[in-house]
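Here is a quick tour of one protein model, going from charged pairs to rings to the sheet. Have a look at the model first, then read on.

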Amino acid sequence: ELKDISLLEHLPNVESISFCGIQTVEDFNPLRKLPKLKKLSIQNSLCDLDIIEKLPPLAALHLSNFSGEMLIDCKKLVTQTKLKALSLCCLEYYNEEYLKNLTNLKSLSLRRNMPLENSKSLDFLRQFPNLECLSIEVIVYSGYSDVNAIRALKHLKHLHIKGYEAALASNDWLTPEWLDSLPALDKLHLEDCQLSEEEDFE
């Protein structure tokens with residue numbers, strides 16, 4: 001079991017680190033000693049997110065964990081104003097209004113595993129008018145109630161939608177007309193989606 005990552009302090013040129021399935025690290029402070037760190041990925045690992053605000057400026061941050069231990073308080077990410085890519089894939093994230101400080105954000109991935117009665121609006125996306133890439137998993141359990149904010153992303157070039165089911169959506173929004181409202185879109189990736197039989201995407 002990995003408990004001590006102090007060895008990283010002797011690798012000052014490290015630019016990218018990924019923790020996957022690590023549940024036993026007791027202290028993540030050695031990450032603070034990596035001045036060139038640009039990319040950090042924490043997947044299915046226990047980590048005190050307080051460390052994020054103490055790290056050097058990151059360009060990419062991937063947080064993925066669907067256990068009850070990973071509730072992401074977006075307020076803890078506000079110091080990472082150089083972020084260009086952010087992934088929030090977890091049981092739940094909150095205080096997303098604080099992400100407005102991430103003015104350099106170009107790519108965002110979202111998934112939350114919450115029931116529909118805890119539905120959440122995507123209105124906070126309006127804070128990122130320059131967003132170019134968006135990936136969102138809208139399975140029933142994601143509980144996203146309002147996706148209209150996506151239409152405000154006039155610079156959105158790449159859109160990845162996974163798990164959309166028109167028959168289960170309270171409002172069938174994934175339509176050709178809806179896509180026409182995204183003038184810069186040049187790449188659409190639909191994965192495991194069940195669209196309305198009446199829709200013609202040709």
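## Salt bridges across the chain

Let's start with a charged pair: K106 and E132 form a salt bridge, with their closest N and O atoms 3.9 Å apart. This one links distant parts of the chain, since K106 sits in the loop between strand 6 and strand 7 while E132 is in the loop between strand 8 and strand 9, 26 residues apart. How exposed is K106? K106 is partly exposed, because its relative accessible area is 34%. E132 is partly exposed too, at 27% relative accessibility. Keep in mind that this is a predicted model.

How many salt bridges does a search of the whole structure find? The search turns up five. Another of them joins the side chains of K76 and D50, at 3.1 Å from N to O. That pair also links distant parts of the chain: K76 is in the loop between strand 4 (71-73) and strand 5, and D50 is in the loop between strand 2 and strand 3 (60-65), 26 residues apart. K76 has 25% relative accessibility, so it counts as partly exposed, and D50 lands in the partly exposed class with 28%.

Then there is D123 with R126, whose side chains meet in a salt bridge at 2.5 Å, N to O. D123 is partly exposed at 38% relative accessibility, and R126 is partly exposed at 44%. As a general point, side chains of opposite charge can pair when their charged atoms come close.

## Aromatic pairs

The count of aromatic pairs comes to three.

Y93 and F124 make another pair, with ring centres 6.2 Å apart. Y93 comes out buried at 0% relative accessibility, and F124 is buried at 8%. Ring pairs also bring in F128, linking Y93, F124 and F128 into a cluster.

Eight of them form an open sheet, in the order 1-2-3-5-7-9-11-12, and the pairing is parallel. At the edges are strand 1 (16-20) and strand 12, each of which pairs on one side only. Going from one strand to the next, the twist averages 5°.

Strand 1 and strand 2 (residues 39-43) pair in the parallel sense over five bridges. Which residue in strand 2 is the bridge partner of C20? That would be Q43. In general, strands of a sheet pair through backbone hydrogen bonds, either parallel or antiparallel.

## S87 in strand 5

S87 is found in strand 5 (residues 85-90). With a relative accessible area of 8%, S87 is buried. What does the S87 side chain make a polar contact with? Its partner is the side chain of H62, at 2.8 Å. Leaving aside residues up to four places away in sequence, S87 touches L61, H62, L63 and S109.

Most residues other than glycine have a negative phi. N95 is not a glycine, yet it has a positive phi of about 60°. N95 is in the loop between strand 6 (92-94) and strand 7 (107-112), and its relative accessibility is 24%, so it counts as partly exposed.

D192 also has a positive phi, about 55°, although it is not a glycine. Where is D192 placed? D192 lies in the segment after strand 12 (187-191). At 58% relative accessibility, D192 counts as exposed, because that class covers values over 50%.

Conventions:
Residues are numbered from 1 along each chain as its sequence is written. This is a predicted model: local features need pLDDT of at least 70, side-chain atom pairs count only at pLDDT 80 or more; totals for chains, interfaces and linings use all residues. Side-chain values use heavy atoms; hydrogens and water are left out. Helices (H or I, at least four residues) and strands (E, at least two) are DSSP runs, numbered from the N terminus. Buried means under 20% relative accessible area, exposed over 50%, partly exposed in between (1.4 Å probe, protein chains only). Two strands pair if DSSP finds at least two bridges between them. Axes are lines fitted to C-alpha atoms, for helices over the stretch in contact, and angles run from 0 to 180 degrees between N-to-C directions. A polar contact is a pair of N or O atoms within 3.5 Å; within protein, one must be able to donate a hydrogen and the other to accept it, and residues adjacent in sequence count only if both atoms are side-chain atoms. Contact means heavy atoms within 4.5 Å. Rings of Phe, Tyr and Trp (its six-membered ring) pair if their centres lie within 6.5 Å; planes under 30 degrees apart count as stacked, over 60 as edge-to-face and the rest as tilted. A salt bridge is a side-chain nitrogen of Lys or Arg within 4 Å of a carboxyl oxygen of Asp or Glu.
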